[in-house]
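Please open the model in your viewer and keep the selection panel at hand, as this tour moves from one stop to the next. At each stop you will be told what to select and what to look for there.

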Amino acid sequence: MVPPNEGNEVRWKGLVRSLSTPIVSLKVANSNPRGASGEKGSTTFKESSLGNMEDTQMSKIEVSTKQERIAENARRLSNVSFTALAHHIDVNWMRESFRQIRKDAAVGIDGVTSKNYAANLGENLNDLINRAKSGEYRAPAVKRVHIPKGKGKETRPLGIPTFEDKVLQRGVKMVIEPVYEQDFLDCSYGFRPGRSQHMAINKMWKELMDMRGGWVIDIDIRKYFDTIDHSLMREFFSKRVCDGVITRLIAKWLKAGIIENDKLHYDSEGTPQGGVISPLLSNIYLHEVIDVWFEYTVKPRLKGKAFMIRFADDIIMGFQSKEDALKVFEVLPKRLTKYKLTLHPEKTRLIRFGKPEKDSEKPETFDFLGFTHYWGKSRKGNYVIKHKTARDRLARAIQNMNIWLKKNRHEKVSDQYKGICSKLRGHYNYYGVTGNYNKLCIYWISTMSLWKKWLGRRSSKSYINWKKLNRILERYPLIRPIVKNSVMTAKL
């Protein structure tokens, strides 16, 4: 059983409670109960204020203050399910939601861009709030596309909501996220404020190094986002939030239609990947199914040390004892089946990841968050856990660069250069970790070769040899590989 007062630290973290939590109404007075017109409850504001940087900053501060207040209430009342949160969603709140949404993302089925929506932003936001709170809002169908996933021809479905739907989802997420952040455990890193993939990798590295290796369960949940049970999702969600406006919107998003190959269909389970609200819902679901179970049911029954790191549906469990690892590996499928989830039989595996006893011994490796993790020797000759870009991720990155260069080969060289450097910088920011310099160099050299290839195919007379490319590189030098994230100095 979860201790009732554990996790009430100042930072956002905590534990989820049982379904029998009392339900109360928590209302915080609106900072601006009157609209610009002076009428009580009005949400109208002057259109001319939209471009005012000071107003935008004030909205950001107001929203942040409200979120801190919600978080404090959720932390203090850990056994409470909130029934009054939607009143926080006013025009200033939605203006901040609009500001946070990416403006260059793909458009949904209605074809409305951020520029179109911003042309009459005040009226659009007022109308959106009124429809959302009155129950008249209808979640539009999500456009589904497929992107490559892992090795082979396997793809991952990705949903693209309309721009207005993204704005509303962001607004709802902003109001409920401070509540659930009090319950999420330290083992969860995916799509949470102030947490990242590098933090998850660094924590895993520290735990495995402290245990000097051990046994690792690499967990892969088959089609997780497509198989989330809606009734269980609503049950888990209601433990902390029972606000009628918000629960109604969540239900509409779960039941929203999907357009794929110009055909509309409705799924009875799952939540579309690509939706703004989907990562938070997936975290709520796996928090109940995996996190709490492992922390408070599994670990107390183990003989040796154990840990778990979860980033969304990417999960790693580490064990000091082989016996403990085998027990958990045996019961894990039953646990997931209970909540309508299935382990991938080929990708889920138990690995002996111990420190090599002899130099001739070659221990197993595993992939996690785009890196292959393995034992190697440091400069001092000691065995340490190292990370390198996973083979399939490197191949995909090079393939994507090839596609981009082919598509943009007729653009100005200066414009191509800016695009290439942007992609190189993004690659280095993520994969530039200690011990991965060689893989970064492979990507850098491959990029130069591909640039030479496509510059030479701009026309029948545009052949470029390496001598000519070097002259281009003197003027437009590509960013060299750089290690930006060190495991040794990371803050855990």
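Select glycine 214 and then phenylalanine 353 in E10, which is the bridge partner of that glycine. Now widen the selection to strand E5 (residues 213–220) and E10, and you have two strands that run antiparallel and are joined by six bridges. Keep in mind, as you look, that this is a predicted model.

Strands of a sheet pair through backbone hydrogen bonds, either parallel or antiparallel.

Alanine 306 has phenylalanine 319 in E9 as its bridge partner. Between E8 and E9 there is a hairpin with two residues between the strands, and here you can pick out alanine 312, which takes a positive phi near 60 degrees.

Is E8 enclosed or open to the outside? Six of the six residues of E8 are buried, so this strand is largely enclosed by the rest of the structure. In a regular strand the side chains alternate between the two faces of the sheet. Colour Ala306, Met308 and Arg310 on one side of E8, and Phe307, Ile309 and Phe311 on the other: both faces are covered, and all of these residues are buried.

Show the side chains where they meet: Leu232, Met233, Phe236 and Phe237 belong to H8, while Leu281, Ile284, Tyr285, Glu288 and Val289 belong to H10. The residues of this contact of H8 with H10 divide into eight nonpolar, no polar and one charged.

A second pair of helices is the next stop. Select helix H4 (residues 121–134) and helix H9 (residues 244–254), which pack at an angle of about 95 degrees with their axes 8 Å apart; H4 and H9 are therefore roughly perpendicular to each other. Ala132, Lys133 and Ser134 of H4 make the contact with Val245, Arg248 and Leu249 of H9. By class, this contact of H4 with H9 has three nonpolar, one polar and two charged residues.

Now go to helix H5 (residues 163–180) and select glutamate 164, which is found there. At 18% relative accessibility, glutamate 164 counts as buried, because buried means under 20%. Leaving aside residues up to four places away in sequence, glutamate 164 touches Tyr117, Asn124, Leu128, Arg131 and Tyr137.

Move on to the other sheet of the tour, an open one in which three strands follow the order E11-E12-E13 with antiparallel pairing. Its edge strands are strand E11 (366–368) and strand E13 (383–389), each of which pairs on one side only. Neighbouring strands of this sheet are turned by 40 degrees against each other on average, direction ignored. Seven bridges join strand E12 (residues 371–377) to E13, and these two run antiparallel. Select tyrosine 374 as well, and you will find lysine 386 in E13 standing opposite.

For a loop, select serine 459, which has its place between helix H14 (437–455) and helix H15 (466–475). How exposed is serine 459? Its relative accessibility is 43%, so serine 459 counts as partly exposed.

Finally, colour the model by confidence. The protein chain has a mean pLDDT of 87, and 86% of its residues reach 70 or more. Confidence is lowest in strand E1 (residues 23–24), at a mean of 36, and highest in strand E8 (residues 306–311), at 98.

Definitions and conventions
Residues are numbered from 1 along each chain as its sequence is written. This is a predicted model: local features need pLDDT of at least 70, side-chain atom pairs count only at pLDDT 80 or more; totals for chains, interfaces and linings use all residues. Side-chain values use heavy atoms; hydrogens and water are left out. Contact means heavy atoms within 4.5 Å. Helices (H or I, at least four residues) and strands (E, at least two) are DSSP runs, numbered from the N terminus. Ala, Val, Leu, Ile, Met, Phe, Trp, Tyr, Cys and Pro count as nonpolar, Asp, Glu, Lys and Arg as charged, and the others, Gly among them, as polar. Two strands pair if DSSP finds at least two bridges between them. Axes are lines fitted to C-alpha atoms, for helices over the stretch in contact, and angles run from 0 to 180 degrees between N-to-C directions. pLDDT is the predictor's confidence in each residue, from 0 to 100. Buried means under 20% relative accessible area, exposed over 50%, partly exposed in between (1.4 Å probe, protein chains only). Angles under 35 degrees count as roughly parallel, over 145 as roughly antiparallel, 65 to 115 as roughly perpendicular and the rest as oblique.
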